[in-house]
Amino acid sequence: MSEQPENRRTVTMEKIVALSKRRGFVFPGSDIYGGLANTWDFGPLGVELRNNIKQLWWQTLVQRRRDMVGLDAGILMHPHVWEASEHVVNFNDPLVDCKTCKARFRADTLLEDKLGMEDAATRTPEEMSAIIKDANLACPNCGNRTLTDARQFNMMFSTTIGPVSETSTKVYLRPETAQGMFVQYKNILATSRQKVPFGVGQIGKAFRNEITPGNFVFRVLEFEQMEIEYFVTPEDAPAQFESWLASMQEWVDLIGLKPEHVRVREHAAEELSHYSDRTVDYEYLFPGSMGWKELYGLANRTDFDLRQHQEHSGVDLSYFDQAANARYLPYVIEPTFGVDRTFLTVLLDAYDEEETTDVNGKPETRVVLRISPRLAPFKAAVLPLAKKPELTAVARDLFDQLQDATGVLIDYDETSNIGKRYRRQDEIGTPFCFTVDFDSLADGAVTVRDRDSMSQERIAISEASVYLAGRIQ
Ligand code: GAP
């Protein structure tokens, strides 16, 4: 594992949490009841940013590719699905309790400092327990040396279908969207005219009873995934893996993450999930002590899932290749993307502070989200210089013109002084502000202010929608 580079960025997780709450991106879940730990609700701007992320992903990786189709499967699936996928037996994290303060930890995380991340991830619970005992490790929470042995803890949330407990069926909330695509693979093949190689994309909620959630929305109990299962011949799997690795890099570039904050990490053999032959993570350099952590994953799942489902369901899931006159179980390459981690890294990467002066020449710090215009919640804001009927009438017409012509979300703000309104738009990442002033009444023009450079130019109101449309793609 490479060294942790010194992290001198202006942004901190605390600043993003505060900005998210202040501006309506993310609120603590069940806030008026004091919150429910590690649950978050996405506010008016958060829902726009998430939708823009999901829409861009869907357009880029599903709709614009002729070899891809989509699916929206249920969160609840037949319990046999999770036996076949081996999540019932294998989807475990090693857990350690502190007998004194009752805090819980992932045993591998506890041993990361001592063994390094890769080594810690490969140890059995017995080995971890022995190392914790030998080193007489202290509880990171209370400092007492009263840690229990490590034991496996299944991360799937379960519930029951049916009102009477004796006859109810135990079901799980899906811990990944992937299984829906394996289970519906035969129906998709029969109805979509796709041939191997082809893929299925899906965006949806997943649930994990994480032992150590935290770091804002980085690790939560309820989250959203954007996943692809790409079906290939076994021989073609290594080349398709490389091709998807490149496509994932294109996505990272598209959403504007800085190259120096993203790296690729190959999993060691012992670290691989139970279904994977090869896994590579895209990692992001989070600020502060968090450092490099998984953003996305790419796995070669071989024919593990289709084989398991074929055996457990008794349904033949083999593929017949007419041209080659051959029958086989396809291999699967799986690029997987977390919506919440995309959301978080987009905010972290876009955050900037600039020393500048306010409209009266007083020094101030400008907080600006240099977010890609494609993802920005509002693409533009229309601001009448003063709340005067002659100005607001023109501004409202311009707002309608921009919204109708471009179909994107535009903000309208006539409250407070213009300096404060610019700062608000900077902080929520709005790329352009159109200001209607008294001259506009005479010359039919407005001032457009660019978020990043703060430069201003004068354009005809009649040209405004063409101006905007050309700058937000
Ligand atoms: N189908 C494969 C799979 O689920 P994973 O690496 O466990 O693989 C995929 O999860 C992605 O889902 C991760 O790269 C991450 O972006 C996101 N993710 C996983 N667990 C998460 C959690 N507890 N909170 C937020 N995002 C999570």
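An oxygen atom of the ligand lies 2.8 Å from a polar backbone atom of L295, a polar contact being a pair of N or O atoms within 3.5 Å, where within protein one must be able to donate a hydrogen and the other to accept it, and residues adjacent in sequence count only if both atoms are side-chain atoms. The model is a predicted one, in which local features need pLDDT of at least 70 and side-chain atom pairs count only at pLDDT 80 or more, while totals for chains, interfaces and linings use all residues. Residues are numbered from 1 along each chain as its sequence is written, and side-chain values use heavy atoms, with hydrogens and water left out.

An oxygen atom of the ligand is also found 3.0 Å from an N or O atom in the side chain of Q225. A nitrogen atom of the ligand is placed 3.4 Å from a polar backbone atom of F218. Around the ligand there are 20 residues, of which E176, E210, E227, E294 and L295 come nearest; a residue is counted here if one of its heavy atoms lies within 4 Å of the molecule.

Strands β5, β4 and β6 form an open sheet in the order β5-β4-β6, with antiparallel pairing. Strands (E, at least two residues) and helices (H or I, at least four) are DSSP runs numbered from the N terminus, and two strands pair if DSSP finds at least two bridges between them. Because β5 (104–106) and β6 (151–154) are at the edges with a single partner strand each, one side of each has no neighbour in the sheet. Strand β4 (residues 92–97) is joined to β6 by four bridges, and D93 has F153 in β6 as its bridge partner.

Helix α11 (residues 237–254) has 18 residues and should span 26 Å at 1.5 Å a residue, in agreement with the 25 Å between its end C-alpha atoms; the expected span is 1.5 Å times one less than the number of residues. Among the buried residues of α11 are F241, W244, L245, M248 and W251, buried meaning under 20% relative accessible area, exposed over 50% and partly exposed in between (1.4 Å probe, protein chains only). G256, which follows α11, has a positive phi near 85°.

A395, in helix α14 (residues 389–406), counts as buried at 0% relative accessibility. Neighbours within four places in sequence aside, A395 is in contact (heavy atoms within 4.5 Å) with V382, P384, Y412 and V436.
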